[in-house]
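Here's a quick tour of the model, chain by chain and then across the contact. Have the viewer open as you read.

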Amino acid sequence: MIVLLSGASTLHSRESLDGELAKALRKTVKCERIEIKTKAGDDKSGDLKSLSMKFVSLPINGVPVDYVTAQYTDPKIDLKALRNANTVKITSYSDLAVRMLVSEQTIKNEFTRTAKRLNFHYDKFLIKFSPPYIELEFSVPVSTIAPKDRKLLEKFVVNDRFEGYAALRLEVRDSRIFAVPAKVILNHFLLPMPVLAELQKRVNPIYQLPRVLPFDYTLGKIDLLKQYIFLSN
Amino acid sequence: MRKKKLIVFFSILIVIAAVILGYVAVLYWKGGVNNYEPPKQTYATSREQVQADLHNLSKAVEAYFVVNMEYPRKLEQLQPAFLDRIGNDPASGTPYRYTLSETNGAGHYRISVPNPKIYNAEDLYIEDGVLVQK
């Protein structure tokens, strides 16, 4: 009976800790939903073995990142700061894994939104995930390309349009995302490698991911999955 | 003598022009709509393919964790959101093995080839994102 009661109390206190952490995080991290999961070690010390935080639809630079998780191993939480100031402070940990998932649909929505905001006109712009490549099919007026980049591609212009296809790989360095064109076809011409290399130099980095506070990390890995871009530290 | 030099010079010019024209023709031929597809992934050996498969499966398992806050119970749960297909070990044609364990409160996953001896290895697996081959 005592064992049962003690087990129930531990479970209750862990659930209450999860709730307190979620409440404190809601103060600083604005997103659709926050979920917390803590796991205690098998020993009797009561120390946490892991702390996982999940953020759903978290806006980063205006882009609603579908899922973000921060997973601490052996975390020590400042309970005083949590209970008195409603602040999450992880005083020490042995490992922190930060992972993000951005869906294909979010990328499409973001493209449409940005194109509208920048008054970027296009007849066709299709985005498709084909791991490990992102495929693009497009038909855009030449005027929508920046003059400095247009010069590089002017030999391929037909009827004042760029129509074609691109297969890109993504790379990430220090939380900056780089596009690596593996194949680009413009107006029926496959772009030769030297032009691709120059294009790669000019357009990169395509995106800078700011840090989600209060976590301390630098994203260094990127992978393309069937429906998601997967980023991790 | 001068005439001979001129012939050689023009011959070289013609060859250069032909090479350039040929190169442009190849770029044009390869730029058709039927070539709107990503470059093919090729692996020199089945060991290379296994390593790529294990890496892809591991990334999908970790992505599953991001969405669900727990690892999948079986690899089939990774379809269709994270992977198109699970695939088999190329050498034996049998499915990859997937195991979940929990040590001291922390979850761990392992994806391994069914018979590592085919690859002259004692062990060939990926555990928590780290490839192990010995």
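## An exposed isoleucine and its patch

B:Ile14 has 60% relative accessibility, so it counts as exposed; the cut-off for that is over 50%. Keep in mind that this is a predicted model.

Where does B:Ile14 lie? It's in helix 1 of chain B, which covers residues 2-29. B:Ile14 also belongs to a nonpolar surface patch, together with B:Leu6, B:Phe9, B:Phe10 and B:Leu13.

## Chain B overall

Going along the sequence, chain B reads α-α-β-β-β-β, that is, two helices and four strands. With a radius of gyration of 26 Å, against the 14 Å that the globule rule gives for 134 residues, chain B is well over the mark and so more spread out than a compact globule.

As for burial, 35% of the 134 residues in chain B are buried. The chain exposes about 8,500 Å², with 58% of that coming from carbon and sulfur atoms. If you look at contacts in chain B between residues at least 6 apart in sequence, 41% of them link residues at least 24 apart.

## Chain A overall

Chain A carries five helices and 14 strands. The globule rule gives 17 Å for its 233 residues, but the radius of gyration is 23 Å, well over that, so chain A is also more spread out than a compact globule. Its C-alpha trace spans about 80 × 30 × 25 Å along the principal axes.

Buried residues account for 45% of the 233 in chain A. Its accessible surface is about 12,500 Å², and carbon and sulfur atoms hold 54% of it. For contacts in chain A between residues at least 6 apart in sequence, the share joining residues at least 24 apart is 55%.

## Where the two chains meet

B:Asp84 forms a salt bridge with A:Lys226, and their closest N and O atoms are 3.9 Å apart. The cut-off for a salt bridge is within 4 Å, so that pair makes the list at 3.9 Å.

Key: Residues are numbered from 1 along each chain as its sequence is written. Chains are lettered from A and ligands numbered from 1 in the order in which they are written. This is a predicted model: local features need pLDDT of at least 70, side-chain atom pairs count only at pLDDT 80 or more; totals for chains, interfaces and linings use all residues. Side-chain values use heavy atoms; hydrogens and water are left out. Patches are made of residues with over 30% relative accessible area and no salt bridge: like charges are joined within 9 Å, nonpolar side chains (Val, Leu, Ile, Met, Phe, Trp, Tyr) within 5 Å. Accessible areas come from the Shrake-Rupley method with a 1.4 Å probe; for residues, only the protein chains shown count as cover. A salt bridge is a side-chain nitrogen of Lys or Arg within 4 Å of a carboxyl oxygen of Asp or Glu. Buried means under 20% relative accessible area, exposed over 50%, partly exposed in between (1.4 Å probe, protein chains only). The radius of gyration is taken over C-alpha atoms; the globule rule is 2.2 Å times the number of residues to the power 0.38. Contact means heavy atoms within 4.5 Å.
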